[in-house]
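Okay, thanks everyone, I'll keep this short. Let me put the sequence and the structure up on the screen, and then we'll walk through it.

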Amino acid sequence: LNQTAAKSGDKDTYLMNQRLLAFMSIATYMTISDAIQKGMWDVARYYNQIYTVIDPTNPDHDYFSACFAARNKQDDSTFIYLDEAIKLGFVDFNRAEKDSNFLALKNTAAFSKIISKMKKEAK
């Protein structure tokens, strides 16, 4: 969609597509957040898959995936997703530290390492 408009040289179409993708990204984020607040984890996971396609460079979809993995006690996957989120620019260590999904992991060396990495990247 974006590349076609960019290649055709149609700047207006390209910009319209960028705005549409940005809207879809925020709408999907809000849907996921709402589903999580309501405990609708399957719905949240489904929309997170869409979010990953719509906005592949946004770190929040990896953060959400880490939350899902943590809830399922998949510690290795949790840390892999958190690390991927950091690589994409996620540095909100306060959010991660307060997130109840990570409660069982808070006192682990691996979680401390992830938080330290976020703090380092935030500088």
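This is a predicted model: local features need pLDDT of at least 70, side-chain atom pairs count only at pLDDT 80 or more; totals for chains, interfaces and linings use all residues.

So, Asp 34: you'll find that one in helix 2. If you look across to Ser 77, that's 43 residues away from Asp 34 in sequence, and the C-alpha to C-alpha distance is 23 Å.

Okay, staying with helix 2, which covers residues 11–37. Helix 2 packs on helix 3, residues 41–54, with the axes 8 Å apart and an angle of about 160 degrees. Anything over 145 counts as roughly antiparallel, so that's what we call helix 2 and helix 3. Their crossing is left-handed. On the helix 2 side, the contact residues include Leu 21, Met 24, Tyr 29, Ile 32 and Ile 36; from helix 3 you get, among them, Trp 41, Ala 44, Tyr 47 and Tyr 51. By class, that contact has twelve nonpolar residues, four polar and no charged ones.

Now, the cores. The largest nonpolar core has 16 residues, and the ones touching the most other members are Tyr 63, Leu 82, Phe 102, Phe 111 and Met 118. Helix 4, helix 5 and helix 7 each put in at least two residues. There's also a second, separate core of eight residues, including Ile 32, Ala 44, Tyr 51 and Phe 64.

Last one: what does Phe 102 touch, leaving aside its neighbours within four places in sequence? Its contacts are Tyr 63, Ala 66, Cys 67, Ala 70, Thr 78, Leu 82, Ala 96 and Phe 111.

Notes:
Residues are numbered from 1 along each chain as its sequence is written. Side-chain values use heavy atoms; hydrogens and water are left out. A nonpolar core is a set of buried Ala, Val, Leu, Ile, Met, Phe, Trp, Tyr and Cys residues joined through side-chain atoms within 4.5 Å. Buried means under 20% relative accessible area, exposed over 50%, partly exposed in between (1.4 Å probe, protein chains only). Helices (H or I, at least four residues) and strands (E, at least two) are DSSP runs, numbered from the N terminus. Contact means heavy atoms within 4.5 Å. Axes are lines fitted to C-alpha atoms, for helices over the stretch in contact, and angles run from 0 to 180 degrees between N-to-C directions. Angles under 35 degrees count as roughly parallel, over 145 as roughly antiparallel, 65 to 115 as roughly perpendicular and the rest as oblique. A crossing is left-handed if the near helix is turned anticlockwise from the far one by less than a right angle, and right-handed if clockwise. Ala, Val, Leu, Ile, Met, Phe, Trp, Tyr, Cys and Pro count as nonpolar, Asp, Glu, Lys and Arg as charged, and the others, Gly among them, as polar.
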